[in-house]
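Hello,

Here is the structure for your files. My notes on its salt bridges and on one helix packing follow below.

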Amino acid sequence: MLTWPAPFLPAIPGTGFPVHLHDSVTGRRVLASAGPVATMYVCGITPYDATHLGHASTYIAFDLLHRAWLDAGLTVHYASNVTDVDDPLLERASATGTDWRSLATEQTALFAEDMTALAVLPPHTYLGAVETIPTVVTTVQRLLDAGLAYRVPLEDGAGGDHPELGDVYADVTIDPGTGSLEGLTHDETVALFAERGGDPQRAGKRDPLDPALWRRERPGEPSWDGGALGTGRPGWHIECTVIAERSLGLSFDVQAGGRDLCFPHHEMSAAHCRALGGHGPRIQAHAGMVALDGTKMSKSLGNLVLVSRLRERGIDPMAVRLAVLAHHYRSDWEWTDEVLASAVARLDRWRSAVSGNGGPDALPTVEEIRRALADDLDAPAALRAVDAWADASLSLGGTVEGAPGVLSRSVDALLGIRL
């Protein structure tokens, strides 16, 4: 799958610091990567209604990590996916009378346009679920052969020419840590699993939390040749496991996404990595949720602010990016007209401040930005540092020739804001 064009990263003086991130699993702040190669997997979109501000917030957050790693001199291997066949996509296509493949292609292209406009660095490996199906089939067969997965009988009418080959599920009881969310009872965990795409009530499963690895053919649904698995399509969690293994290996530094992916998606995909012989991600990092009118933005609810619609209105994408960066990536926040207006005003003030040839010394500010990003991607602190420089430049001026250029290039390279 083709990714989007990479924005130009200007050279800036000095070198960044090692980045420490909050690990969602342990609750501790840890070194994100010891280098010299840093590896990251950020879960991609299901392309049926891209890209809302919740998406933008997640991808901008971990774009900061990508930039900070590069600034610290690390080589970065970044992988991501597009879940271009899944129940929500098929349901939206059916509801709108659209071919699911056309819908996926259209929304994936729109997502790429939005990421380009928002100056998000593209992944090095970018794969769709459909193009990885042969690898998924091989991987699921490995789990079956190892006794780590099992078949569940099908309902009447499912399974095409070989209904005796059931759906394939992973056995979570083999990995005792799976599904044991701190503070939740088993019943509460099962309820959360159902809320977030699981099927705990499926008859024939060994445990309510067992996730699907291979869904057999159903009437009216797309399916692919699964060899000994029978015709069907991949489960959600194994898709990301396979793409991570193919691009990063089964042990890597950071798995990232929105906080709603923490369970079950990231927990299950990490468990699949362990079942296949790896350690999975060393750190799981999650972005907070973005709300509109008091309710979390959600495709299912339809309360979305789309980046493409903002662009159509003539809103500068750099103002949208600044609006996102004004909030710490792990915090929940609400999109309002005031948030956007504040970002537009900040962008205008910064651009005015770098419009001259001289200004206050920019190097201390660049160091502040770097230290803020190294401290769990503290973008609001980085923005405050630039605000202080801009205020000093506009009110007091400065005699350091070229300082505005240094500041402008640094804000571009580290924060992704083009002035």
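A salt bridge here is a side-chain nitrogen of Lys or Arg within 4 Å of a carboxyl oxygen of Asp or Glu. The model is predicted, so local features need pLDDT of at least 70 and side-chain atom pairs count only at pLDDT 80 or more, while totals for chains, interfaces and linings use all residues. Residues are numbered from 1 along each chain as its sequence is written, and side-chain values use heavy atoms, with hydrogens and water left out.

Salt bridges

The count comes to 28 salt bridges. Some examples follow.

Asp114 and Arg311 form a salt bridge, 2.8 Å from N to O. Asp114 is in helix H3 (residues 100–117) and Arg311 in helix H8 (residues 307–312), so this pair ties together parts that are 197 residues apart in sequence. Helices (H or I, at least four residues) and strands (E, at least two) are DSSP runs, numbered from the N terminus. Asp114 is buried, at 0% relative accessible area. Arg311 is partly exposed, at 26%. The cut-offs: buried is under 20% relative accessible area, exposed is over 50%, and partly exposed is in between (1.4 Å probe, protein chains only).

Asp175 and Arg274 also meet in a salt bridge, at 2.7 Å from N to O. Asp175 sits in the loop between strand S7 (167–170) and helix H5 (186–195), and Arg274 in helix H7 (residues 262–275), so the pair ties together parts that are 99 residues apart in sequence. Arg274 is partly exposed, with 36% relative accessibility.

Arg101 pairs with Asp99 in a salt bridge, with the closest N and O atoms 3.0 Å apart. Asp99 is partly exposed, at 33% relative accessible area.

There is a network too: salt bridges link Arg29, Arg330, Asp375 and Asp376.

Helix packing

Helix H9 (residues 317–325) packs on helix H10 (residues 337–353) at about 115 degrees, with the axes 8 Å apart. Axes are lines fitted to C-alpha atoms, for helices over the stretch in contact, and angles run from 0 to 180 degrees between N-to-C directions. H9 is thus roughly perpendicular to H10 (65 to 115 degrees).

Which residues of H9 and H10 make the contact (heavy atoms within 4.5 Å)? From H9 come Met318, Ala319, Leu322 and Ala323. From H10 come Val339, Ala343, Val344, Arg346, Leu347, Trp350 and Arg351.

Best wishes

Methods:
Angles under 35 degrees count as roughly parallel, over 145 as roughly antiparallel, 65 to 115 as roughly perpendicular and the rest as oblique. Contact means heavy atoms within 4.5 Å.
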